Amino acid sequence: MKKYIIAIALVFGTGVVINTTLQSCSTLATSDLGLAVIKRVLLGGINKGMSIYGNKEAFLQNNLVDKALPKELRDINTTLEKIAPSLVAKEREYIADAAVYTVNISRPILESAVNSLNAQDVTRIIQGEKGTATLILKEKTSQQLVAAIAPRVEQELNKYGIVKTINTALSGSNLLGSLLGGNRSNVNAGGLSMLASEQIVNGLFNIIEDHEKQNSASLLGPLGK
């Protein structure tokens with residue numbers, strides 16, 4: 001494997017300065033330094049995501065979270081904008097409220113996955129495109145995260161009666177069948193909470209990926225990225 005000249009000094013939480021010299025990617029990938037650098041990047045992204053999710057206004061204003069809105073929910077909101085625009089704003093606020101309660105559920109799952117990364121994962125990250133570290137984290141945790149937070153998201157949305165309100169607004173419009181498929185005439189509570197959970201999880205990965213890409217030059221560059 002191609003060798004890289006590495007002349008870096010990384011300062012970790014302990015204040016220890018680590019210097020590296022000429023090493024191959026394969027050597028670095030299996031070293032404590034390789035794992036430490038990847039973990040540092042991902043944990044930084046997780047912390048950034050949790051900070052945003054713990055702040056309702058920050059969540060609502062984050063375009064990476066908005067980009068994670070599932071197509072089905074986006075279609076419903078587009079239709080609601082024509083009927084009851086204020087309801088879309090309320091729905092977004094309630095999802096933001098629910099997101100706050102998912103922080104303590106999501107953090108340990110993500111941090112555990114980061115700490116379980118191995119040399120094979122790091123090699124794949126070094127050989128892959130920017131964003132591969134987040135992709136691996138997503139592969140390891142996405143389904144688990146959705147399953148873990150969905151009950152709490154549903155609990156929070158039910159508090160506000162948002163599902164019933166949406167169904168009332170759309171009643172008689174025959175729009176839900178075309179939006180959600182089939183002859184459905186109501187938004188299902190579990191379905192809405194699942195869509196909201198998917199947005200919350202995918203938005204979080206968008207933030208982590210963005211952090212990874214922003215820091216790849218300074219932290220992952222020495223690893224050949």
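Buried means under 20% relative accessible area, exposed means over 50%, and partly exposed lies in between (1.4 Å probe, protein chains only). This is a predicted model, in which local features need pLDDT of at least 70, side-chain atom pairs count only at pLDDT 80 or more, and totals for chains, interfaces and linings use all residues. Residues are numbered from 1 along each chain as its sequence is written, and side-chain values use heavy atoms, with hydrogens and water left out.

**Two residues and their surroundings**

At 31% relative accessibility, Lys 138 counts as partly exposed. Lys 138 sits in helix 8 (residues 132-160). Helices here are DSSP runs (H or I, at least four residues), numbered from the N terminus. Ala 99 belongs to helix 6. Ala 99 is buried, with a relative accessible area of 0%.

Contact means heavy atoms within 4.5 Å. The contacts below leave aside neighbours within four places in sequence.

| Residue | Relative accessible area | In contact with | C-alpha separation |
|---|---|---|---|
| Ala 99 | 0% | Tyr 53, Phe 59, Ile 200 | 9.0 Å to Asn 55, 44 residues apart in sequence |
| Lys 138 | 31% | Asn 202, Phe 205 | 9.8 Å to Leu 204, 66 residues apart along the chain |

**Helix 5 against helix 6**

How do the axes of helix 5 and helix 6 cross? The axes of helix 5 (residues 71-83) and helix 6 (residues 85-115) come within 6 Å and cross at roughly 140°. That makes helix 5 oblique to helix 6. Axes are lines fitted to C-alpha atoms, for helices over the stretch in contact, and angles run from 0 to 180 degrees between N-to-C directions. Angles under 35 degrees count as roughly parallel, over 145 as roughly antiparallel, 65 to 115 as roughly perpendicular, and the rest as oblique.

Helix 5 contributes Leu 73, Asn 77, Leu 80, Glu 81 and Ile 83 to the contact. Helix 6 contributes Pro 85, Leu 87, Val 88, Glu 91 and Ile 95. The residues of this contact divide into 7 nonpolar, 1 polar and 2 charged. Ala, Val, Leu, Ile, Met, Phe, Trp, Tyr, Cys and Pro count as nonpolar, Asp, Glu, Lys and Arg as charged, and the others, Gly among them, as polar.

**Helix 7**

In helix 7 (residues 119-127), the buried residues are Asp 121, Val 122, Ile 125 and Ile 126. They cover an arc of only 135° around the axis, so they lie on the same side of helix 7. The arc is taken from the directions from the helix axis to the C-beta atoms. Gln 120 and Gln 127 are exposed on the other side of helix 7.

Note on methods: Helices (H or I, at least four residues) and strands (E, at least two) are DSSP runs, numbered from the N terminus.
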